[in-house]
Amino acid sequence: GVHISEDLSWTQHTDAIVKKAHQRLYFQRRLRRFGMSKMILLNFYRCTVESFLAGCIVAWFGNLNIQERKRLQKVVTTAQSITGFDLPTFEGIYRSRCLKKAAKIIMDPHHPGHTLISLLPSGRR
C-alpha cells in the first residue's frame with residue numbers, strides 16, 4: 001500500500017519501499033550465487049522489485065524530495081549491479097508509467113480526466 005503521513009511527506013512510504021526492496025534484492029543476490037542466468041535475474045527484478053517500487057508511482061513520485069529520490073535510485077543501481085544489465089532509472093520508470101496512464105485516459109472517453117488531456121493537431125501526442 002501507500003503510506004501517507006499527516007504532514008503529507010512521503011518519508012514513511014519511501015522507508016517502507018526501500019526496506020521491502022532490500023529484502024527482495026537479498027533473494028536476487030542468492031539467485032546470482034546459485035548461478036542463475038542474467039535473463040532470469042532480470043525477470044526476477046522486473047517482477048518482484050520494479051513492480052513493487054513502481055506501485056502507485058504516478059501518485060507519489062512527483063512529491064519526493066531529492067534525498068528520497070536518491071535512496072530509491074540506489075535500489076535500482078544495486079539491482080543493476082546484481083543483474084549485469086542496464087536498467088532504467090527510477091525517474092525513467094516514473095515517466096514510462098505516466099505515459100501509459102495518460103494513454104489509457106486518452107483512450108477512455110468515460111474517464112473523468114479524459115477532457116483534461118488533448119492530443120496535438122498531428123495526433124501523435
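**View 1. Threonine 115 is exposed, with a relative accessible area of 70%.** Exposed stands for over 50% relative accessible area, buried for under 20%, and partly exposed for values in between (1.4 Å probe, protein chains only). This is a predicted model: local features need pLDDT of at least 70, side-chain atom pairs count only at pLDDT 80 or more, and totals for chains, interfaces and linings use all residues. Residues are numbered from 1 along each chain as its sequence is written, and side-chain values use heavy atoms, without hydrogens and water. Threonine 115 lies in the segment after α5. Asparagine 63 is 52 residues from threonine 115 in sequence and 24 Å away in space, C-alpha to C-alpha.

**View 2. Helix α5 covers residues 90-107.** Helices are DSSP runs (H or I, at least four residues), numbered from the N terminus. The 18 residues of α5 should span 26 Å, and the end C-alpha atoms are 26 Å apart, which agrees. The expected span is 1.5 Å times one less than the number of residues.

**View 3. Phe90, Ile93 and Ile105 of α5 are buried.** They cover an arc of only 105° around the axis, so they sit on the same side of α5. The arc is taken from the directions from the helix axis to the C-beta atoms. The cover over these buried residues includes α2 (38-53), α3 (57-60) and α4 (66-83). Arg95, Leu99 and Met107 are exposed on the face turned away from the buried side of α5.

**View 4. Helix α1 (residues 11-33) packs with α4 at an angle of about 5°.** Their axes are 10 Å apart. The two helices are therefore roughly parallel to each other, a term for angles under 35 degrees. Contact (heavy atoms within 4.5 Å) involves residues including Ile17 and Leu25 of α1 and Leu72 and Val75 of α4.

Conventions: Axes are lines fitted to C-alpha atoms, for helices over the stretch in contact, and angles run from 0 to 180 degrees between N-to-C directions. Angles under 35 degrees count as roughly parallel, over 145 as roughly antiparallel, 65 to 115 as roughly perpendicular and the rest as oblique.
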